[in-house]
Amino acid sequence: YIQVIHQKNLGLSCARNAGLKVASGKYIAFVDSDDKITQGSLQKIISWVEKTKADIYFMQAKKFYSNGYKVDLGDGINHKNIYGRSKREVIKFIAKSKKYPGSACTKLYRRAFLIEAGLYFPNDRRYSEDLGFVRDCLLTANSFDCIDIPYYEYRQNREGSITNSFSIKKFNDIVTFLSDSIEIADRGEKEYKKYILSFVAYEYCILLWHLSDVTKGYDEAYSILLKYAWVQKYGMNIKIKCIYLCTKLLGIRYTSCLLKKMKK
């Protein structure tokens, strides 16, 4: 049941795409190398998906630390708010949720749906490659569900992890998600535009929070935040609206410092 693929190291996206092309099961899940799956969860998941057979399943996740401490990821998505809803209702709910659920690992995908829609990860070695993949999946899928059992566990603060640092490249790779999403919103169906831009507003706030972490390329990062500051007005949850108000009153630099202090 296990296939090992040997190929030149072309990054995470290419590795995932290679797996997608040889997979033969009904459903696809992605697990990053430093994370883990909750013991006993897969058997429960299999019995669940055979009943509902959705294109995408949202999964429950936790963050775990080296001292054994665990905390919910906090996506705020559950079965009653997703199952049986139309695509528009689901995307609207997500746009108003606490955060944009941009991780590919906290979802289960019907393999035929991904293959038929031609949904793969970008092969340009960008960081945060999940963001656009998840966006495209949400906009393409027709049926959704959420499995309310513990499933994915994110390892936190591992030394050397690509999620444990923030360079100007990582900053710019998220900006690519912003610009691509704005283009998709402008040329796509009008009823989804405001929801897509709400996803953009959330990721903009992530960049705003990380501004002070970009030690090499700070001025470039600041200029980018100025350029895209307008997207904040499309944020649909209270947190993003409050951050938008802060940037209007205090400016980008002070708001970024305030966010960093609040996080600590």
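Does Thr38 count as buried or exposed, and at what relative accessibility? Thr38 counts as buried, at 18% relative accessibility, because buried means under 20% relative accessible area. Welcome to this structure, which is a predicted model.

**Around Thr38**
- Thr38 lies in the loop that runs between strand S2 (36-37) and helix H2 (41-52).
- Leaving aside residues up to four places away in sequence, Thr38 touches Pro150, Tyr151, Tyr152 and Glu153.

**Helix H6 and its partner H7**
- Helix H6 (residues 130-140) is largely enclosed by the rest of the structure, because eight of its 11 residues are buried.
- Those buried residues of H6 are Asp130, Leu131, Gly132, Phe133, Val134, Arg135, Cys137 and Leu138.
- H6 packs with helix H7 (residues 168-187) at an angle of about 25 degrees, and their axes are 9 Å apart.
- That angle makes H6 roughly parallel to H7.
- On the H6 side, the contact is made by Leu131, Gly132, Arg135, Asp136 and Leu139.
- On the H7 side, Ile174, Phe177, Asp180, Ser181 and Ile184 take part.

**A nonpolar patch on the surface**
- Leu245, Leu249, Leu250, Tyr254, Leu258 and Met262 form a nonpolar patch on the surface, and together they have about 690 Å² of accessible area.
- Helix H10 (238-250) and helix H11 (252-263) are the elements that give two or more residues to this patch.
- Leu258, one of the patch residues, is found in helix H11.
- With a relative accessible area of 33%, Leu258 is partly exposed.

How values were computed
Residues are numbered from 1 along each chain as its sequence is written. This is a predicted model: local features need pLDDT of at least 70, side-chain atom pairs count only at pLDDT 80 or more; totals for chains, interfaces and linings use all residues. Side-chain values use heavy atoms; hydrogens and water are left out. Patches are made of residues with over 30% relative accessible area and no salt bridge: like charges are joined within 9 Å, nonpolar side chains (Val, Leu, Ile, Met, Phe, Trp, Tyr) within 5 Å. Accessible areas come from the Shrake-Rupley method with a 1.4 Å probe; for residues, only the protein chains shown count as cover. A salt bridge is a side-chain nitrogen of Lys or Arg within 4 Å of a carboxyl oxygen of Asp or Glu. Helices (H or I, at least four residues) and strands (E, at least two) are DSSP runs, numbered from the N terminus. Buried means under 20% relative accessible area, exposed over 50%, partly exposed in between (1.4 Å probe, protein chains only). Contact means heavy atoms within 4.5 Å. Axes are lines fitted to C-alpha atoms, for helices over the stretch in contact, and angles run from 0 to 180 degrees between N-to-C directions. Angles under 35 degrees count as roughly parallel, over 145 as roughly antiparallel, 65 to 115 as roughly perpendicular and the rest as oblique.
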